[in-house]
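Work through the exercises below with the model open. Try each task before reading its solution.

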Amino acid sequence: MIEEVLIPKLGVVTDIRIDTPDVKTFRVVAPDGKKVFEHIPGQCAMLSIPGVGEAMFSITSSPTNTEFMEFSIKKCGCLTDWLHHMEVGQQVTIRGPYGNGFPVDTVFKGKNLLFIAGGIGLAPLRSVINYVRHYRDSYGTIDIVYGSRSMDDLVDYKEIINEWCVEEGVNVHLTIDREQEGWDGHVGFVPNYVKELGFDTNKTVIICGPPIMIKFTLAGLSELGFDKTQVFTTMELKMKCGVGKCGRCNIGSKYVCKDGPVFRCDELDELPNEY
Amino acid sequence: MVKISFEKLNSLFEKISEKYDLFVPTKKNDGQSYFEKWEQGKTVSDDLNTVRSAKDFFFPQHEDIVSFKLDGKNIEITDERREVRPFVMFGVRACDVRSFSILDKVFLSEPVDTFYKAKREKGIVISLACQKPSETCFCTTFGIDPTEPEGDIRAWKGNDCYYLEGVTEKGNALLSELSLEECDRTEVDAQIENTKKILDRLPLGKLDTDSFGGDKLKELFDSEKWASLSESCLGCGTCTFVCPTCQCYDIKDFETGHGVKRYRCWDSCMYSDFTKMAHGNPRLTQLERFRQRFMHKLVYFPANNSGEFGCVGCGRCLNKCPISMNIVKVMKTLKGEN
Amino acid sequence: MQVNEFKPKIVAFCCNWCSYAGADLAGTNRLNYPADVKIIRVPCSCRVNPLFVLRAFQRGADGVIICGCHPGDCHYTTGNYYARRRMTLLFSMLDYLGIEKERTRVEWVSAAEGAKFAATMNDFVATVTKLGENKRLEDLRCKK
Amino acid sequence: MQEVMKNKAKELLASGEVRAVIGWKKGEFCYDITPAVFTNAEEIDNGFIYDDFCGANLSKYLIKEAHKDGKVLVFLKPCDTYSFNQLLSEHRINREKVYVVGVSCDGKVDIEKIKRTVGDGIIALSSDGDKISVETLYDKYEINRADALAERCVNCKSKKHVAYDELLGDEGEVLDSKRFDEVEMIENMTADERFEFWRNELSRCIRCNACRNVCPACSCEKCIFDNDNSGYVNKAPVTSFEENMFHIIRAFHVAGRCTDCGECSRVCPQGIPLHLLNRKFIKDINTLYGDYQAGEDPEARGPLTSYTEKDPEPSVVTDKE
Amino acid sequence: MQRIGVFVCHCGTNIAGTVDVKAVAEAMKYENGVVFSTDYQYMCSEAGQNIIKDAIKEHKLTGIVVCSCSPRMHEATFRKAAQSVGLNPYMVEIANIREQCSWIHKDMATGTEKAIILARTAVAKVHLNAPLTSGETPVVKRALVIGGGIAGIQTALDIADAGFPVDIVEKLPTIGGKMSQIDKTFPTLDCAACILTPKMVDAAQNENIKIYSYSEVSGVKGFVGNFEVTIKRKARFVDETKCTGCGLCTEKCPQKRVPNEFNLGMDQRRAIYIPFAQAVPKIATIDADYCTMLKTGKCGVCSKVCTAGAIDYTQKDEFITEKYGAIVVATGFNPIKLDKYDEYAYSQSKDVITSLEFERLTNAAGPTAGKLLRPSDGKHPHKIVFVQCVGSRDTRECGKSYCSKICCMYTAKHAMLTREKYPDTEVYVFYIDVRTPGKNFDEFYRRAVEEYGVHYIKGMVGKVIPEGDKLIVRASDLISNEQLTIDADLVVLAAAIEPDKTARPLATMLTASMDTNDFFTEAHPKLRPVESPTAGIFLSGACQGPKDIPETVAQASAAAAKVIGLLVKDKMKNNACVAHSDENMCNGCSNCAKVCAYNAISYVDKEFRMPDRTTRVRRVAVVNDAVCQGCGACTVTCPSGAMDLKGFSNKQIMAEVDAICK
């Protein structure tokens, strides 16, 4: 019988990393030890524990990782709760990849890139960041602005410090919301920090984070002279099928799971404000 | 064109039943008609439309997708797709037939829904022309001709026989298997002419769709009329479930005690939990959910499908909505006619 | 002797203070009753939601019995009075829907009535066994 | 009557005594009437209607409307006032925010019944005393109004308003209805017949939730059928049990609270006689625990939240012959 | 996901005899979430408990299932063991595979199969267990006793002796209650005053006891350990701190024609009065209904004669609020009104009296100074008829269906005392049954018949007809089956007793339940006879049911013991398995409160953010953990499922159902 998209495949959790008090990163491979499927940065997959639930998560690992996929998941409901209780070796079901992904090989090619992320919003961007780092020569400068509530809430802190920060041509700007002992970096909210940093407008911006952060950062960016066509973001809505048929993740005539989750900000303006 | 007299209908059905599951509209004791599997003694109801639309055949309210067995850390996945037995639907009205092509646009677009596709491939639609349309009918609004319905085979009910005409390859093949008596179109043409006269008199026949379509997104979305239109909506799923084109679904898991069954079932965008997530809901009030349903049919669907509307004018929601709110009232109000 | 292969599944809800103790006493006195009966301990018969009864039938139970303190003796003074009304109405509704009424029962068993507990269970299991499998309320998905 | 009501609505709106009026609004045809909130005289003049088809019980809308600022006028038919009282007793409505105008009712007409007689294509309809004249695209008919009355109106339990601030029209009385006859008829069947009867009815259920959403007693903040945590969520009728379960649970949840307004049966798109489930509970409660009419007295204690020491044992059901 | 350990006990051969415990332990290893499973000879032994403790530590167990005997046996043991190694005690579930499995099944296969299912069911439940902690509430170390009769006094004295402050609220100007009106007590015939008054004095002098006489409880808030009671101190127009109780005012008061309730209206007192000589507190009280000064403003005699200057005509009712940890109800009883019993001519003839009136007539401090004289003409009666069960065991509307319990004995006492003091008097007693269960009771009754020659006649009096100065008593003798006519001089009616009228409104305030006769109901008729189902409310004396003095005193002391047991605690551990309402789902419909026997549910208006970002005030149920007993009645009555019971949640019970039906 031909393959049915709604029927998932098996995945095995081979590693669990505790990122923050409420975020864990899970490494998933197929039972045969290979990758379950290939994807483009920004795409998502449906993970499920049968009987508990199924939900869409962005794939945080880069497609350039040939061994496994990673998912950084924040605890916020029944399924994620369950996932957080998993131990290595646990099987899950997985289907995908879903969505359009970032235009890494077209629009982004040769561009200076500015990544802006808040909290768990780094998860979908990490895939892109590591992808462009892998193909470093094809892109211009890379700036990463990443903020979180506190030092402990910065996802992937180790990788950021040990890999991103030390890489040439990658400028990492970290910030946390409130002063904290042991933190000598910047303190303040992401939108303000972006304005403070005052970037050149010769950049393509990729932004992801809580809606309120996106809203104010966009305002800040436009103050700096950025055009909405320069800014890409990724959306999250309730999804069930992942293939644009079940009818719930649409914003206007666009389905986030199929036509998104990556949108250019000017495209969003064309859609009704229902997200 | 071929015909089959009423007396011989039973033997025709018998013959079809040999190779196919045959479904015909049948009157139940609640006075309404339902598609039921034909068996000796069942007669075809003359009712205009069945209570439930014919979408059930391709997109049933509930179907198992996959099942799981959990054993410690391991999961076993079993495909729950079953071979579909070829089937024939007799007496589908023009509106419902059109709904199939609308559903096709959703389910057969990439990635193809194999559950739907399997049934679609195995199903043969024998449509039946309407002779006595109801006041709630407005299929003509959407360019449907109820006197000459689409389908694999189309049929007309004459005075003493059914006239049949093959439309598609699949239909013609079936007709040739049945080897029926050839005939001319005289009675059919007369009937069509007669019905058309009635169509002209339909109260909703003049409904036009000029104010709707993919290009009207913003103005319709922001219309302030949604508030009063939706205020008495109960948020039930009646309109959705009787609608031949509504295809939103949910995927649910059921713990059977010895495994998990994952099934797909109809869902309704009118339900409060339709878009509810662990941390918020983009459609918070009934207004937004109500708007979604009609925007989908009148704006979003045409936007994605070269102008085709997601409504076939069958009138079921007009008959069944508990508070008598429906797409016709919505259209007229948005246009400013009400 | 007639060989009856059918082993019914019986769910017994017992209140902690009287009937569960009564069941314990039946055990202490080594009074035999069929192993088909499985007891769920609840604080009071009034804790038994009619939905639990339906749930049991859905999941394939063949009989459901609710045991509590005798009316007037409820540990919580009035709990079993409410349970009595709820269950009477539920059973009546099931009967009305054509579900065999013998599959449901309420019995008041005190902590001292070990013998009554055993006798009740023996009788109930016999009744349900005679009725055979619960087909009218089962959920096919829960069948093996 | 309709004019009197319109004037009353306009008068109270004009005086500022009420912010809005909940009533019925004309439809596309002569029978498809929608409950609506009117806020000015113009809306009332254009759309307000009160006729044979204003069957919808408006009391449930008050849960939402009475939470807003200001007072709201609502028109309630006798049977609706029972629902209103029941909601009051459950603290779902703030009484001070509602101005209840009781309106008399001589039974509402069931369009389905008419359609069953005259067929499709109704384009005009007028009622004159005992007769209803119907014009369809195909023919003209005259039918007895009595034959077209909704079942709940044929078996009307009361023409008396149990709650109102003002009454328009004549006050009626509590009637000695035959509403339990059908329940009794089913009771008298054999268990097998009853099972067949209900399977036939309930198997048509499409779980559209219309019965629940229209029911004034089903006004839970979160219904257990919508609550993933309740263990009873099941969106679609799946097996024979599913429909049974949904309807038994729903009937049980409203048992002792259901006023028998009949809205569930009115709205069921599949024509399932759901009121027969609720009435069974009402009948049982009346026989076993004494006559009780939910909503009659908002201060009364419901039959499932009270008891007497001498209540019959469940064996009256399980041991009956 | 829980990490569950399963421990299967052999219980010697008690379980292992018919259950293959190894197989059970093995089967459990494959259950979802079970990470450890073992069996042992005796799990409840120290070694067994250590196995559990070690496993919890070693395997980081988050929940355990012990397959053993009944939870009624060792649930507490295993919970304690779990707690000692840091596992919440409510994460322990017991699968009862002894009483409900091994002991009732004979063959190994059946027993093992069932044991596995029971264990699986417990595992399914533990999956959904949540750690529970019992709430704690500080206990106010002060008790309130409502009613100052012998019951109240005894309870107060016992509590006070244990070192806790206790307040007595008495509605009359003095404590003492009914016992102070009684002359002698059965079956010892010692003088009631002689044994009561010292106790009254003790109460007055005990520094832990505060007496609020002429006061009533007017409001009760709070719950066990933390009641807040409002006490209405009725104006007595005499400054309690100044009055010395000299009694001069009560002699000088010109208003002399006030019916004296202490003597049941058989004589008169003044408008300012002290009920009786040994009253406690001995403070005068002005009867506002009769005082000329208060009514007309003209008089003031008492004020003039009072050297202490205690009279204060401007006094007003005063309300004080006090906090208590426990409340004892000791509101006592009253004889029923006999105005409906026309057949006995009680209203028509002064010489038809009640037994309590008879007590006063024979009491030295009574209206006749202890001489038995007829109220009508002051003559000595020579023929007295006692009628028993007047209103008792009477199912008519005017009567009481219950037995008043004390009448048989006091009537025997009256009859005996009459015959002893006035041997020339003939005494007849009409009875239905003579009930004498009690120490020395039957002997006492037999003495009345055998030694004192009292005529006991089984039968009811049909009619008493006043005729001249005689009372014609028509009765039937059921034994000889004859109609009797007795021309009596005095007829004494043993009126049924009923709870004091103040009890019903008080019960409402306390939310303590009452039976249909207005007697307070006890938490359990056998096992908790001195407690009300409402936590923190205790019952003392006849307010709970008819009682004689020794029984009353016994119950009073028992109630005191219960109160002391409560007050010695600094904090009260609440029941951990209590109901809890999810305010997001609660409709505020009040159905749960209606079925709550403990009044543990109240409602608050709470502001909620609505999905459309507006706010709405909604009424929601709140359960008081300190009061909830965890029966679960509310959970079922809640249609939305907002109300759930911790430890026995809907999901837990459904999981058990599912596991059994698997």
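**Exercise 1. Domains of chain B**

How many residues of domain 1 of chain B are in contact with domain 2 of chain B, and how many residues of domain 2 do they meet?

Solution. Keep in mind that this is a predicted model. Start with the bounds. Domain 1 of chain B covers 2–60 + 82–201, and domain 2 covers 214–246 + 267–335. Next, take the C-alpha centres of the two domains of chain B: they lie 28 Å apart. Now apply the contact cut-off, C-beta atoms within 7 Å. This gives 21 residues of domain 1 in contact with 16 residues of domain 2. Finally, sort the domain 1 side by class: 10 residues are nonpolar, 6 are polar and 5 are charged.

**Exercise 2. The contact of chains D and B**

Find which element supplies the largest share of the side of chain D that touches chain B.

Solution. Count both sides. Chain D gives 33 residues to the contact and chain B gives 39. Then list the elements of chain D that supply at least two residues each: strand E2 (34–38), strand E5 (122–128) and helix H10 (210–214). E2(D) has the largest share, with 4 residues. By class, this side of chain D holds 20 nonpolar, 7 polar and 6 charged residues.

**Exercise 3. The buried side of a helix**

Why do the buried residues of H4(A) lie on the same side of the helix?

Solution. Identify them. In H4 of chain A (residues 190–197), Val190(A), Pro191(A), Tyr193(A) and Val194(A) are buried. They span an arc of only 165° around the axis, so they fall on the same side of H4(A). Recall the helix geometry: with 3.6 residues a turn, residues three or four places apart in an α-helix point the same way. Then look for the cover. It includes strands E7 (112–118), E8 (142–148), E9 (170–176) and E10 (186–187) and helix H5 (211–223) of chain A.

Terms used
Residues are numbered from 1 along each chain as its sequence is written. Chains are lettered from A and ligands numbered from 1 in the order in which they are written. This is a predicted model: local features need pLDDT of at least 70, side-chain atom pairs count only at pLDDT 80 or more; totals for chains, interfaces and linings use all residues. Domain bounds come from an automatic or database domain assignment. Two residues are in contact if their C-beta atoms, placed from the backbone, lie within 7 Å. Ala, Val, Leu, Ile, Met, Phe, Trp, Tyr, Cys and Pro count as nonpolar, Asp, Glu, Lys and Arg as charged, and the others, Gly among them, as polar. A residue is buried if 20 or more other C-beta atoms lie within 10 Å of its own, exposed if 12 or fewer, and partly exposed in between; C-beta atoms are placed from the backbone. The arc is that of the directions from the helix axis to the C-beta atoms.
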